[in-house]
Amino acid sequence: MSFKKINLLLGWLSFLIALIVYFFTLEPTVSQWDCGEFIASAYKLQVGHPPGAPLFMIIGRIFSLFTSSTEKVAMMINAVSAFASAFTILFLFWTISHLLKKMFPVPNGNDGESSLTSMIVVLGGSFVGAMAYTFSDTFWFSAVEGEVYATSSLFTAVVFWAILKWENIANEPGANRWLILIAYLIGLSIGVHLLNLLAIPAIVLVYYFKKYQVTRKGVVYALGISAGMLLLIMYGVIPGIVQVATVVEKFFTNSVGLHYNVGVVIYVSLLLGALIYGIYRTQFVRKNVLWNTILLSITVIIIGYSSYALIVIRSLAGPPMNENRPENVFALLSYLNREQYGDRPLIRGHLYNAEVKDYVYKKPVYILNKEKNEYEIAYRKPELVMKGSKILLPRIYSRDSNHKQAYKEFGTINDINNPTYLDNLEFLLRYQVGHLYLRYFMWNFAGKQNDVQGHGNVLNGNWISGIKAIDSARIGPQKNLPDHMKNHAARNTYYFLPLLLGLLGLFFQLDKNVRDFWVVMSLFILTGLAIVIYLNQTPYQPRERDYAYAGSFYAFSIWIGIGVAGIFNILQSKLKANLSAIIAVSVAFLAVPLLMAVENWDDHDRSGRYTTRDIARNYLNSCDKDAILFTVGDNDTFPLWYVQDVEGVREDVRIVNMMLFNMDWYVDQMRVQNYDSKPLPFSIPQTKYEDIHGSSIYIRENERWATLDYIFTFINSNDPRTKLSMTSGAKVDYIPTHKIILPVDSAGVISNGTVKPENAHRIVKDIRIQLAPNSQIFKGSLGQMDILGTNKWKRPIYYTSGGFDGSLGLEQYYRNEGLAYRVVPVQTPYESILAMGSIDTDTLYDRLINVFQWGRMNQEDVQLDYYTIRTLSVIRFRGLHTRLAMQLLEEGKQEKAVEVLDHCMELAPAHVLPYDQYITGITLPDKKGGVIHYEGIIEAYYLCGETEKANAILKEHYLTLSSEFTYYNAMKPRHSSSISREINEVLYQMEELKLLLQRFRQDELMLELNPT
């Protein structure tokens, strides 16, 4: 059989293996983070967060058409990632075989008998490299969930492979069709993610090396041209086409008087007409191949990019999810530029200690006035003018106090108020390059400590190798690790073998084919270190960001495949060629991809896990009919959007995300019907929200209390006396007092079930909200007050959390009815976020025991990842059960209390949800100088008379804590200094357990655990 046929077959075999692996480990439903939003937006072609992913939406929608029920939609859209990832492996195989074939020429079947040795090396190396990437940590993670990164990786793989195909036939007629295909794929990829654009420099280098005599100067020019192409697409094509469209649209609408959007049609027609004319002239008149190819490439990039028309079309249709509402070109430009996320300095800027010199208002923000048929300036964006000169590559720029502390922790800043430029560079190297890139790189090719998000201490999220001497020197002793650390599912060790094989391949390619080396190296750097510079991320990211660098790990996997040739090169001087080739491939396969597969399988297997979906259902099922549910972050919003938009769960509940509620367009969307949820009640008109200067409204100090109705009347008034004069001369609305009253309709709250009749005597006559005087609140907080006051207690209002930025201090009026807290006019003194408000024991008991599902979280075949565990902690899974049990016990319902505790421990034993303070109990200082104590599971069992159960959990937990303390005690100070909080927590919990044993007179167990 010819090399060509075997190459094709083994490529497809690699694809099939990857696809089977990803299907076996695929998450069957929604995952954490953005997946819920992507799945919901794809299923109903809605508008997700900026800058959108319209092509991914279209592909996901097509896949969703083949489902038998809405519950299978998420799995089918997750399958998009599985297929995309498997195809990525296919093209990776063919890419490596192309590069290896240059170093080990293999004649095709038509050219004579193939060299068996070369075939083994080339095909075996390609298979090893492809399989190594198949089982790599970051790529596998993205392959089994409904996110855009797997599809983005596919585009990177295809365009890189395509330029190598062009290289094979570059001097043949029609070869440029490959270049045009690459341009089209780049245009399409914009509708998925911009990461694919970073392959452009590698593509240009391949073109230069093939078409021109290579010189150092020529390489520099080629890289400069590639950088220009990259910048042209990123800042010219993507926003530039829309930017010009805004000018044309505004001219034809405001000046000529045509209907809005007609200007866009004229502009698109002129643009396409010019391109078509240019293509015709260069092909048939001038016969200029170069310019014809350039114009064709630009045209197909624009055609691919035109998937963004879907964003505008669907936004005009008004779907339930319509983020930023990009229904005209001005809004689309803001959407593409991700303006809602703010700006960050990239090349030049100031450090965090720079003083503010002035605020300037330059850039106008246009909105469409449909009644007047013209675009108007809504406001001008404020820009900070800082004192002092700008510096190159500002890295420590955030003025957030927590970030300042991190700047110090990841550097050696002597004066926190006056950092130097060297401090800035140290943060770049130690945090952004070291922590946010090299750590992720080593996860994939050396090993990973665990999946707990790491912020620099020795316990969480570090890279490890499995070689104890090296790991011990870096992160502390590895000899006496506690069992739960040693056996952590995400603890994966490769003993540097993938790294070493990749480095061998790197140097082997550098020695044998320096041009291809620099092609791969450009891809490696542009998708790795260049992204580090571009993102310029601040400390304490909400999640690990390794997925952003998957392209860099792809490039390194090419070197892993070439590393097989390096092994062969070493062996062939001592053994026969064929035997050397077989040994090289066999050893490399066993030592790298097979090892990675064995190590990574358990923590990447999401099959059978439905926990995220069920938690989202539980949030919605915590609400009464027609409820309004205020959510705070990603993981208490996106999964809820998914279960409501896709599976149709509780369509009567209106989900209000507090982060988005600061945006005018989102406030406006709350005013319309959404599924079975009626428009939210507002007293302040939309125009007033849009007129608010910036994103916040000023609060004047005033000791007089005012009702919300008075506040609404005051803001709605056009009387100049109700306006605040700004230094710019503008007149703006403000809140006239920081003391606000929410009246209570006692008869109404009893009749609609907000308060039970037996609790009528506890109803307060009003709820008093005190805001910070002479300060500002965001529009979202004003919107909360607007809804609370206008609602008049008719619809139930819930929060998923308390104490968040923008909350109104209503926690003392919360009632816990599940995973959400209902606002009721019954006051319960607020002690801490651990136990907010009162409990409706009957409702909470029924929901926890009979209604809520937990996604098979306690099944043996289910492995919970760190973020799912963190979500269970955020909802205080154990604390919720314990609090209910203690309340039931107080009401004399001991059997029910025990049932609740048993239910909790059945669902969340230690191997499912690691024991924490909710097992031991929590004691906090109160405002009066005393303490507040919250019982843990163990104490609750003791109080219920279930001594045997309490002792079993206590013993298990104590032994775990003891092993942790022994481990910490063996650390050197340079290691233990980063975990002082963890050490203190272990000691505290051990003492708390001893006190429990003493209190409940468990002398025998005390003696067993503390024989001395």
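Select Asp842 first: at 42% relative accessibility, Asp842 is partly exposed (from 20% to 50% relative accessible area with a 1.4 Å probe on protein chains only; buried is under 20%, exposed over 50%). The model is predicted, so local features need pLDDT of at least 70 and side-chain atom pairs pLDDT 80 or more, while totals for chains, interfaces and linings use all residues. Residues are numbered from 1 along each chain as its sequence is written, and side-chain values use heavy atoms, without hydrogens and water.

Lys893 sits in the loop between helix H34 (877-890) and helix H35 (894-907), and Asp842 in helix H32 (residues 841-851), 51 residues apart (helices are DSSP runs of H or I, at least four residues, numbered from the N terminus). Lys893 is partly exposed, at 29%.

Then select Glu27, Glu145, Arg606, Arg609 and Asp865, which salt bridges with shared partners join into one network.

Move to Glu817 and Arg822, a salt bridge with its closest N and O atoms 4.0 Å apart. Glu817 is buried, with a relative accessible area of 2%, and Arg822 is buried too, at 3%.

Last, select Asp766 and Arg768, whose closest N and O atoms are 3.2 Å apart in a salt bridge. Asp766 is buried, at 13%, whereas Arg768 is partly exposed, at 36%. The whole structure has 46 salt bridges.

Conventions
A salt bridge is a side-chain nitrogen of Lys or Arg within 4 Å of a carboxyl oxygen of Asp or Glu. Helices (H or I, at least four residues) and strands (E, at least two) are DSSP runs, numbered from the N terminus.
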